[in-house]
Every structure is written in structure tokens, then in C-alpha cells.
Amino acid sequence: MQSQEKSVAAQVAALPNLDMKELWALWDQYFPRRPGHHNRDYVEARVAYKIQEEAFGGVKPEVRKQYLQIGEANSKIKFRRPADIHIVPGTVLLRDFGDREHRVLALADGLYEYEGRRYKSLSAVARHITGTPWSGPLFFGLGKYQKGAK
């Protein structure tokens, strides 16, 4: 066990000495896609975490939840929890906006179809319709449903 820990420590310690191409090769082993920026410190930190997580296991879900609660309690940034809305595939959402009715179909793969185009979220559809950022669930009236459900 100690040799494995030493090996992991050696791997992490070697990260700053790798050239960026080698660091990206490691990144690609652990992550499905690369970040939108190329901050070396960020990439090293994330790869180091993944090396250690692979060797020793990740943070337990209950500990992760505690970390998030502590972070939220001590942060000046207000957090909004995502709405716990589950839309059944095949559901058609309707909204009157701009003198017309808009119909959005919930797809089985979790995406939404609007006028022949596929969107990742209801918010993306609402933004397309209105031209401004919107909460998709609120735009389609699902937020009111959630409040009443409590």
C-alpha cells in the first residue's frame, strides 16, 4: 500500500514538470472533454485529484454534500438549487408569447425539440423564443407547479 501511495505522490509531484502535451494526454484519460480555457494550474490540479481519486477512492457522497453545505453557508454568492422537475418524455409544453403559441416536445434523451431544432434545456428554448435569458421551467409555467406541490 505504501508503494502505491508513493507512486501516486510521485505522479502528482511530476505534473509540474510535464509539458502541456503530456498533461493534456493525462487529462484526456480522466475527462471526456477539455475545458474551455488552458490554465495550466487548473489542469494540473484536476489531473492530480483524479490520480488520487483513482488510487484512494473519491470523496464519499455524504462528505461531498457536507462540503457543499459548508461552502454555500460561507459563500457570499447566492446559490439557487436547480428545480427538481421531471418531465416525462413526450410531454408537450405550451406557452403563449409574442402573439403566438410555442410548442416544445420533451424527448426521451432529455433534450427538447422546438420548431425542428433540439435544445439541451428548457432555458435554451426560452432564450431562443424571447431573445433574453430566462429560466425555462418558469417560462413554461413549471415553477408555479413546483411551489404548489410543496
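Mentor: Contact here means heavy atoms within 4.5 Å. This is a predicted model, in which local features need pLDDT of at least 70 and side-chain atom pairs count only at pLDDT 80 or more, while totals for chains, interfaces and linings use all residues. Residues are numbered from 1 along each chain as its sequence is written, and side-chain values use heavy atoms, with hydrogens and water left out.

Leucine 122 is in contact with Ile87, Leu93, Val104, Tyr112, Gly136, Pro137, Phe140 and Leu142, leaving aside residues up to four places away in sequence. A nonpolar core is a set of buried Ala, Val, Leu, Ile, Met, Phe, Trp, Tyr and Cys residues joined through side-chain atoms within 4.5 Å; buried means under 20% relative accessible area, exposed over 50%, and partly exposed in between, with a 1.4 Å probe and protein chains only. The largest such core has 14 residues, of which Val104, Leu122, Val125 and Phe140 touch the most other members. At least two residues of this core come from each of strand E2 (100-106), strand E3 (112-114) and helix H5 (122-130). Helices (H or I, at least four residues) and strands (E, at least two) are DSSP runs, numbered from the N terminus. H5 gives the largest share of the core, five residues. A second, separate core has twelve residues, including Leu23, Val43, Ala48 and Ile51.

Aspartate 99 sits in the loop between strand E1 (92-97) and E2. Its phi is near 65°, a positive value in a residue other than glycine. Aspartate 99 counts as exposed because its relative accessibility is 86%.
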